[in-house]
Amino acid sequence: MKHFAAAALALSMLPPVAAAEPELQISRAGTRTANSASAQNFTGSVRVEMLYTPAGPERTSAGSVSFAAGARTAWHTHPLGQTLIVTAGVGRVQCLGGPIEEIKAGDVVHIPPGMKHWHGAAPTSAMAHIAITEALDGKAVDWLEQVSDAQYGASQAAAAAGPSQAQRLLGDVAPKLAQLTDDVLFGDVWARPGLSPRDRSLITVSALIAMNRPDQLRSHMSRALDNGLSKDELAEALTHLAFYAGWPNAVTATGVAREVFATRP
Ligand code: MN
């Protein structure tokens, strides 16, 4: 009896057995990795960063997907549907038999269960979205055939859009410069998945403010709004830069911002 009491006392002094208590999880910014999406199910350069993978009885996953200009998913369905939150750039989504819809930063798309569809970037702009998907019996997606160039409509869209901004501004005097601007700067550098279009806009606008380049700043302020920066964020950037790049540069940039903001809702 004495032994038993001593054993019980000893046991009571042990730390409690680690129960499977659920714990709060925080996946810190910058600690997750992005991987190239499978060429079997995507066309073009696509990077996927899983934000959350379900554990135990949970069924919902979330991933951040970045599409370079022209890149898109194959046709597919989700057994329990999917929600897409567009975080940067301009893209496209289409359900079988429906029109191709343009989507922009801030738009939220819901795809009903079982509906055949695809999503991706626009032909001349990168796009990033967060995809939230619920699995049924462990399966969140059924992949189908690729979206052909004809279905994607890249060529018609490029033709319908007419000459690019670089072609209009530079093409008559310096056609090679216009071509390099379209193909190398915007077609390649801006489309690279290493930085989001939003971040590329923020650093470009900052550099143009710092160098006091109001002509180029005008079009890049507008592009920055397309890429998901808000007017308040751009105003904050030029206020910040007054201290690093000079007061007169920030004042000039404020005049440009006023012009650009007036043309945007
Ligand atoms: Mn989908």
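The donor residues of the manganese ion follow the spacing H-x1-H-x3-Q-x34-H-x1-H along the sequence. Donors here are N, O and S atoms within 2.8 Å of the metal (3.2 Å for Na, K and Ca), and water is not among the atoms, so sites may look incomplete. The ion is coordinated by His76 (NE2), His78 (NE2), Gln82 (OE1), His117 (NE2) and His119 (NE2), at 2.1 to 2.3 Å. Distant parts of the chain are linked by the pair His78 and His117, which lie 39 residues apart. His78 sits in the loop between strand S6 (76-77) and strand S7 (82-95), and His117 belongs to strand S10 (residues 117-121).

This is a predicted model: local features need pLDDT of at least 70, side-chain atom pairs count only at pLDDT 80 or more, and totals for chains, interfaces and linings use all residues. Residues are numbered from 1 along each chain as its sequence is written, and side-chain values use heavy atoms, with hydrogens and water left out.

His78 and His117 are both buried, where buried means under 20% relative accessible area, exposed over 50%, and partly exposed in between (1.4 Å probe, protein chains only). In S10, 5 of the 5 residues are buried. S7 and S10 run antiparallel and are joined by 5 bridges; two strands pair if DSSP finds at least two bridges between them. Gly91 has Ala121 of S10 as its bridge partner.

Over the whole chain there are 9 helices and 12 strands. Helices (H or I, at least four residues) and strands (E, at least two) are DSSP runs, numbered from the N terminus. Of the 265 residues in the chain, 32% are buried.

The largest nonpolar core has 16 residues, of which Val205, Ile209, Leu217, Met221, Leu234 and Phe261 touch the most other members. Such a core is a set of buried Ala, Val, Leu, Ile, Met, Phe, Trp, Tyr and Cys residues joined through side-chain atoms within 4.5 Å. Two or more residues each come from helix H6 (197-210), helix H7 (214-226), helix H8 (231-245) and helix H9 (247-262). H9 gives the most, with 5 residues. Leaving aside residues up to four places away in sequence, Val205 touches Leu217, His220, Met221, Ala224 and Leu234. Another core, of 15 residues, lies apart from this one and includes Val46, Val86, Ile103 and Ala121.

Among contacts (heavy atoms within 4.5 Å) between residues at least 6 apart in sequence, 67% join residues at least 24 apart.
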